[in-house]
Amino acid sequence: MNINKAYHRLSLLSHHLPFSLSPPHFLSLSLPRFTSTRTRGRLRTLPSCAGGTTTRAAMSSSRFLHLVPINAAAAEGDTGVGSNGSVSSTAEDEENSALGSGYRLPPPEIKDIVDAPPLPALSFSPQRDKILFLKRRALPPLEELAKPEEKLAGIRIDGKCNTRSRMSFYTSIGIHQLMPDGTLGPEKEVHGFPDGAKINFVSWSLNGQHLSFSIRVDEEENSSSKLRIWVADVETGKARPLFQSPDIHLNAVFDNFVWVDDSTLLVCTIPLSRGDPPKKPLVPSGPKVQSNEQKNVVQVRTFQDLLKDEYDADLFDYYATTQLVLASLDGTMKEIGPPAVYTSMDPSPDQKYLLISSIHRPYSFIVPCGRFPKKVDLWTSEGKFVRELCDLPLAEDIPIAFNSVRKGMRSINWRADKPSTLYWVETQDEGDAKVEVSPRDIVYMQPAEPLDGEQQAILHKLDLRYGGISWCDDSLALVYESWYKTRRTRTWVISPGSEDVSPRILFDRSSEDVYSDPGSPMLRRTTAGTYVIAKIKKENDEGTYIILNGSGATPEGNIPFLDLFDINTGSKERIWESDKEKYYETVVALMSDQSEGDLYLNQLKILTSKESKTENTQYFIQNWLDKKACQITNFPHPYPQLASLQKEMIRYERKDGVQLTATLYLPPGYDPSKDGPLPCLVWSYPGEFKSKDAAGQVRGSPNEFAGIGPTSALLWLARRFAILSGPTIPIIGEGNEEANDRYVEQLVASAEAAVEEVIRRGVAHPNKIAVGGHSYGAFMTANLLAHAPHLFCCGIARSGAYNRTLTPFGFQNEDRTLWEATDTYVEMSPFMSANKIKRPVLLIHGEEDNNPGTLTMQSDRFFNALKGHGALCRLVILPFESHGYAARESIMHVLWETDRWLQKHCVSNTTNVNENLDTCKDEAKEEITDPESKTVPASGGGNPELAESEHEGFHPRARASLW
């Protein structure tokens, strides 16, 4: 529905996922180091899983709103830089740097950008008449990451708070009235809670009259209190605890709370009868035994933080077990259901039923909790058990092939357009994507309480893998399906209430072909708090129209649009389009959906965003009738020192004819004719494609604002570097060819083309070009230093995996095993080519990296291999950090290390990297064309370095902070 804004964050890289018409997200907002989730009008801030899990299916991307650093002050010390900003080169400094001398700070021009105050997140009331400004702090101090955490069943738990660990928070809530003329009224601050309170899970009541949120307060040094639920009156801003008893606390390990109606919340609480946590036995009761005497085929990826023994299982039960409580605003409360490990709770649109999911024993020691036995029950809203929908067994044997799923009922949800109708999907291929069967998935539907003998109805049969449904009414719903191997995606039009109307295909296309993406249907909010497709009426026209909100990918960049689409004839009319010359605009949401019934085109009101290369994103409300746009935000430029940076989307060609693109950033005031070539930092992340045409398509806009995250490569614009951001590195496998079959060849060819282009333009010094990346980008960096030493003077690799034999059951988007593709695994592993790496390489890794595939020992062992061959290398392990880095001390030190490395091995480089150009190219060609070598297929499609999301229904799902 909305367009993914590629912010330049090295800890959370933007990935080139193909756009497609797919289930629209509800104005999703992804914020740094936490995920906002939205269900029925509530904003829920939850910790994001390390590595940033994304779905494999090509989904329409959500619009990022104010992706800004969450910073926090820490003690400042010596920056370790000279007066001119360059690293001091005294022998004492070099020795201290080599041995390590505590946390360091980068030069002020970088530090000041990272320490800039973060902008607030926004949240609209259900009636669209008020806006919350949710204020945030800056980067957290390291002492917060150092707090104890329990690593259990694939998740990390803060035992003191009984939440996921490392959870960010808001510091205050401001309420603004949206005036009739589109301006904002004065801010009313929510008050009444203790000073220094940490706020999470902000949620509107369905009628917009109350807010609910959780509060925690530091009780003493290095400890936090458990969470309590507070509610605030929106008109007065006065807040109070929901529960009178101070002993009732929130259990937010999985779900937290939800509004059941305008005055009642269903809350996950810590059972009052819970005692102290179980104590670890001093002497084990026996050995740890795993058995496969039944000879089952069980292939799993390298999941981390798994249960290790029965003590861990008991500890998991202790922290995850919840007592559900119905609590009213008048102070009454009632416990419902027995204590259990509840993972989600979802009221029906008519507020009469509750869909309750839980997990139970037997647990597993080889897969995370998302695959534990799962039970889904139906209760009344008063807590009375109605019926069991399913009880799925432990799922240790889900195949690693892409599009493989769990057996049995999945994706159980309420129909958004009905009072209390359930729908779900069941696989017909035993969940194994390698099994050929038709249909592959069947979508079913059933009332919450079916009449005697009433069976589930088949809603639709699919030959690809089910990808979701957008509901409208009994005459219209859109069903999505896709298949990763072929990149095929289809959208079906169905009439849920008419069995005599046959389903028909609306769109059938490649998910990689962004130029053909028709957009996603715009949704409207119902009075029940759900979202349905908005039907649009035109004056004196009986047609059935919807609005498609598209990214508008073109060879000149994205030009977002709105199309009025006739669902019956397929005809469309462009009714809105972004400015093309200076600005980049998107439509974020419908704002005229407060009342029921059809929406008339001339009565529409929409929320839009607008930005340029040098102007921060601002938000506007536009009335369709008079085309008047009222600006509702006036956010300052977050880093005015870079306000006049130069940005250009450039195009060039790989030697095999594939068109490539990149975004070239140049420092403010730079003139190549006067200043000459600059040192250059190339930062990228490979992606996999099935066609050359799709790989060459342009993604992104030249007019987007340059968002700079706390570990972004763009920070080095302040150090007078040229930055080549996100040069496309497509790894293409057409037809039956696996993309990784020619990984090294295509990787090197893409890098050569990028380097030749910046040299041709005169903006990069040929001997001063560095390469870097995070996660799979770090893997790319190491491979380029091994196979293309003629291109780069040094490299920076953060949180990567370098030895693919340590991830034997697949990595990235590779779903063959080590034993099926041995040569591929070996030849793609830069660890196996450590003896060829002659350029300086800086390795950085979080000591607590919990991302599947990128274990910290990957960097440890790679460093030892490099050191064993005399390579110039440095390894920095960050205590308490995970896959992406969070603490201010850690981030500042990463920036100091990176700047030191670039100053020493790039800016000061006097070696001619091209002096052995022909030899290096011949060696690289020899490696690639060696007939004994069956080169590699790598999959990824730009997805992060991780396996599929294993915590379906449990992991914080990206939902809205702006809706």
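Predicted model: local features only at pLDDT ≥ 70, side-chain atom pairs only at ≥ 80, totals over all residues.

Mentor: The strands E24 and E25 (residues 421–427) run antiparallel and are joined by four bridges, and they belong to an open sheet of four strands, ordered E24-E25-E26-E27, with antiparallel pairing. Strand E24 (409–414) and strand E27 (457–462) stand at the edges of the sheet, and because each has a single partner strand, one side of each is left without a neighbour there. On average, and with direction ignored, neighbouring strands of this sheet are turned by 20° against each other.

Turning to the nonpolar cores, the largest one has 62 residues, and the residues with the most contacts inside it are Leu724, Tyr743, Phe792 and Leu866. Helix H7 (residues 743–760) supplies the largest share of this core, with nine residues. If neighbours within four places in sequence are left aside, Leu866 is in contact with Ala834, Ile837, Val841, Leu843, Ala871 and Cys873. A second, separate core has 38 residues, among them Cys794, Leu878, Ile891 and Val894.

Finally, His883 lies in the loop between strand E53 (873–878) and helix H11 (888–907). With a relative accessible area of 2%, His883 falls under the 20% cut-off and therefore counts as buried. The side chain of His883 is joined to that of Ser775 by a polar contact of 3.0 Å, while His883 and Glu848, which are 35 residues apart in sequence, are 7.5 Å apart in space from C-alpha to C-alpha.

Technical notes. Residues numbered from 1 in each chain as written. Heavy atoms only, no water. Helix = DSSP H or I, 4+ residues; strand = E, 2+ residues; numbered from the N terminus. Buried < 20%, exposed > 50% of the residue type's maximum accessible area, 1.4 Å probe, protein only. Polar contact = N/O pair within 3.5 Å; in protein donor to acceptor, adjacent residues only side chain to side chain. Core = buried A, V, L, I, M, F, W, Y, C linked by side-chain atoms within 4.5 Å. Contact = heavy atoms within 4.5 Å. Pairing = 2+ DSSP bridges. Axes fitted to C-alpha atoms, helices over the stretch in contact; angles between N-to-C directions.
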